Amino acid sequence: MPYRFTIVNFTKRNSLYKHGLRPLLYSEADAKKHNVGWRRTGNEIKYYKNNVGEGGHQYFSLTWTFQFPHDRDTCYFAHCYPYTYSNLQEYLVDISKDPEKSKFCKIRILCRSLAGNIVYVLTITNPPESGNDTKRKAVILTARVHPGETNSSWIMKGFLDYILGNSHKAQQLRDTFVFKVVPMLNPDGVIVGNHRCSLTGKDLNRKYKCKVKKCYPSIWYTRNMIRR
């Protein structure tokens, strides 16, 4: 039997769902039986202005139909391929255990978030050869300031896979620069499932001029690191 799902309180006038984007599905039965993970799915996908509004804001709906593949299955829908705080921690543990990568990638605690979660910072550069000038320019990269933008974590993973690799170009980059990487600026938002905000309900991208360390620690410490 096909089911129709409708989410009625979107606020953006336009959407990629108007241009071919489809929701993602994860079926526990498919994962167990066929080793199939997240995949694009859904039919009759529409994004449109509805008759609902609040506080002068017009709302928009996303609707799609879906036929579940198995009985007694647990399924999940997602907007983008998930990347969790646990995924990041597992990835960093693998780096720290690698005897080669750990020589030129140091993983440290930048700070703790409002909820006490660790905000990691990676320093990536090849150790200088003895007697050589060690002064190198810094390149600073951050990701996942908006928890709902999981694609930024996948891009960051792709960058780290490359810069920690053994290609000639990666080694040349590590010889030339010091890379300071904060892979997840907003772990609290990621853990609780926020789309854009931290636990304060604020967009951290708008807080780089704020001097309140207590409310926005990851931004405060990142800004100080950039200054250094």
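Q: How far is the sulfur of C75 from the closest cysteine sulfur, and which residue holds that one?
A: The closest cysteine sulfur is in C80, and the gap is 19 Å, so it's too far for a bond. Bear in mind that this is a predicted model, where local features need pLDDT of at least 70 and side-chain atom pairs 80 or more, while totals for chains, interfaces and linings use all residues. Numbering starts from 1 along each chain as its sequence is written, and side-chain values use heavy atoms, leaving out hydrogens and water.

Q: And C105, what's its closest cysteine sulfur?
A: For C105 it's the sulfur of C111, 18 Å away, which is also listed as too far for a bond.

Q: Is C75 buried, exposed or partly exposed?
A: C75 is partly exposed, at a relative accessible area of 22%. Buried means under 20%, exposed over 50%, and partly exposed in between, with a 1.4 Å probe and protein chains only.

Q: What about C105, buried or exposed?
A: C105 has a relative accessible area of 4%, so it counts as buried.

Q: Switching topic: what's the strand order in that open sheet?
A: The order is β7-β8-β10-β9, four strands with mixed pairing. Strands here are DSSP E runs of at least two residues, and helices are H or I runs of at least four, numbered from the N terminus; two strands pair if DSSP finds at least two bridges between them.

Q: Which strands stand at the edges?
A: β7 (105–112) and β9 (137–142) do. Each has a single partner strand, so one side of each is left without a neighbour in the sheet.

Q: How much does the sheet twist?
A: From one strand to the next, the twist averages 20 degrees. Angles run from 0 to 180 degrees between N-to-C directions, with axes fitted to C-alpha atoms (for helices, over the stretch in contact).

Q: In which sense do β9 and β10 pair?
A: Parallel, over six bridges, with β10 covering residues 177–182. If you want a spot to look at, I140 stands opposite K180 in β10.

Q: Which strands does helix α2 touch?
A: Helix α2 (residues 85–97) packs on the sheet and touches β7 and β8 (118–124). Its direction makes about 35 degrees with that of β8.

Q: And where does α5 lie?
A: Helix α5, residues 168–176, lies across β8, β9 and β10. Relative to β10, α5 runs at about 95 degrees.

Q: Now D30: which helix is it in?
A: D30 is part of α1, which spans residues 28–34.

Q: Buried or exposed?
A: With a relative accessibility of 7%, D30 counts as buried.

Q: So which residues is D30 in contact with?
A: Setting aside neighbours within four places in sequence, D30 contacts N35, V36, R39, P69 and H70. Contact means heavy atoms within 4.5 Å.

Q: One more residue: where is V192 found?
A: V192 is in helix α6, which covers residues 187–192.

Q: Is V192 buried or exposed?
A: V192 is exposed, as its relative accessible area is 52%.

Q: And how far apart are the C-alpha atoms of V192 and L204?
A: They're separated by 16 Å, and the two residues are 12 apart along the chain.

Note on methods: A disulfide is a pair of cysteine sulfur atoms within 2.5 Å.
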